[in-house]
Amino acid sequence: MTIPIRRQAPLEEENERLRARIAELEEEIARVRGAAESPHGSEAEALLREIEIQYKEVFENISVCMFLIDVTPEGRFRYAAFNPAEEKAVGLSNAQISGRFVEDIFPEQFAKKLTANYRRCLDSGAPIAYDDELSLPVGKRYFHSNLIPVRNAAGRIHRIVGACIDITDFRRTQQEALASQKLEGLGVLAGGIAHDFNNLLGGILANSELLLEDLPPGSPVREGLESINAVAVRAAEIVRELMAYAGHENTVFEAVDLSNLAGEMLQLLKVSISKNAVLDVNLPKNLPTVRANPGQIRQVVMNLITNASEALGEGAGAISISTGLVHPANDSVAGVQNGEYVRVTVGDTGCGMTKEVQARIFDPFFTTKFAGRGLGLAAVQGIVRGHGGAIDVESEPGQGSRIEIRLPVRQTSRDGGVAGTGASANKAGSAARSVLVIEDEPALRIAVSKMLQKSGFTVSEAGDGRAGVDLFRAHEQNIDVVLLDMTLPGMSGREVLGELRRIRPDVQVILTTAYSQDRALTVLGGQQPWFYIRKPYQLGELAALLHSACQGRPA
């Protein structure tokens, strides 16, 4: 689904009508002024006054912000009038600006910014339009502006009519829609990466485990294979960071003490924190618990502490870690609703961030580190959002940074538990059984099949959903368990599961996917598989699960 972004056509139409009306009035005034010099000048003067009254009515009552600028013969710009809409938008009255030069009203840099646009209109001799951000007495606002030059009888531009529309709210809505589109696009990307990348990682893990089983304990290549195995596991964690940002993780929540958790993570990370850092720790006991997933919150704390350490670089500095109770009734942090929150705050005295960097720190793949992936804070934002919390960032270049996350206090003592697999985890019964492996990644399918054969299973293989269904139909009475990948070419895992059940309703299925179990069940439309294992998995874990699944059908 693509979220439509409204264009500024209504603004342009309003501006065009405004420009046309102003041009008509200016032409009429010029014509009548010329007629005033004729023998019937008194009638022309009366008509001129009537038109000028109409002009004033338009100027004072139109909802668009308007202002008049007189251009002196020397080319300086002097305000003549603001209409009421412009007075309200800018926060200055007619009395404050009328007859005064731009540079006498506004600070130097701001005045230069305004006069640069006025000069551009004057030099071009034609109407111009532009969008601009202005820091006004009422705050920072965004305007879509038009400047229209007006010539006198001699043909000299003696006045500029300005018309602008405050588009601050429109811009904010547009940015929120674009951010939503970015998140949606990342979700699609995460789904593809989770499947393809985890299949490759699964193949690496399975093959490395098979090789390790065949090696004697003192083999010189064992250390290298174990390193490969560990790197593959870490790579799988990176994929889950991306999925957490994209909102693809439906996780199990429980009561979590943030002070205890932060303290545990600090002990683990002490060896990797900058040796020049002084730690300032304030983790009070007996804070209310929050309803959270411990693994994800550990990841959040780890990322924040690691970032703080890296911000110090090689120099000396301090890292602070604290927790506390927050009552947001008197708080202004975006995203925090009513109710109590527990905060975790990590600060440092390091290099700090510019406003431009702060605006992008939660963007996926944005990083200021030479070897960074740009997923750490993006994943943090996804996790905190998934927990109903909020993030607050304060930083100045050279003054360090402070990042605070806030999670809602747990309102009930009923904690979520780990979802069951639908069958006993009994590992007894290791007699040989028949397994159909439906998996589209050859490296993973071949390695898993070899391992299962070594463990005494009879294995059939299929590389896509249609082939898997055909193979099952041909040998349905001889297959005890189906190991089914959820994402397959041709037929989807959902379609394959439905067809397997149609052929034999009591078929035992182990569903395998990169997604969490809850999300997998959602994708399957409520079709409950008997068993579930998440990619990438350890071969020993799969073998134990297969033995359990085999107990669901007599030998």
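First, the ground rules. This is a predicted model, where local features need pLDDT of at least 70 and side-chain atom pairs count only at pLDDT 80 or more, while totals for chains, interfaces and linings use all residues. Residues are numbered from 1 along each chain as its sequence is written, and side-chain values use heavy atoms, leaving out hydrogens and water. Helices (H or I, at least four residues) and strands (E, at least two) are DSSP runs, numbered from the N terminus.

Five strands make up an open sheet with mixed pairing, in the order 7-9-10-12-11; two strands pair if DSSP finds at least two bridges between them. Strand 7 (277-282) and strand 11 (390-396) are at the edges with a single partner strand each, so one side of each has no neighbour in the sheet. From one strand to the next, the twist averages 10°. Axes here are lines fitted to C-alpha atoms, for helices over the stretch in contact, with angles from 0 to 180 degrees between N-to-C directions.

Strands 7 and 9 (residues 317-326) run parallel, joined by six bridges, and V281 sits opposite I321 of strand 9. Helix 10 packs on this sheet, touching strands 7, 9, 10 and 12, and its direction makes about 25° with that of strand 10. By contact I mean heavy atoms within 4.5 Å. Helix 9 (residues 258-269) lies across strand 7, strand 9, strand 10 (341-348) and strand 12, and runs at about 160° to strand 9.

Now, how far does helix 10 reach from its first C-alpha to its last? Its 19 residues, 294-312, reach 28 Å, close to the 27 Å expected at 1.5 Å a residue; that expected span is 1.5 Å times one less than the number of residues. At its start, a side-chain oxygen of N293 comes to within 2.9 Å of the backbone nitrogen of Q296. After the helix comes G313, with a positive phi near 65°.

Is E404 buried or exposed? Its relative accessibility is 3%, so E404 counts as buried, the cut-offs being under 20% for buried, over 50% for exposed and partly exposed in between, with a 1.4 Å probe and protein chains only. The E404 side chain makes polar contacts with the side chains of R402, at 2.6 Å, and R406, at 2.3 Å. A polar contact is a pair of N or O atoms within 3.5 Å; within protein, one must be able to donate a hydrogen and the other to accept it, and residues adjacent in sequence count only if both atoms are side-chain atoms. Leaving aside residues up to four places away in sequence, E404 touches R343, V344, T345, A390, I391 and D392.

Thanks, everyone!
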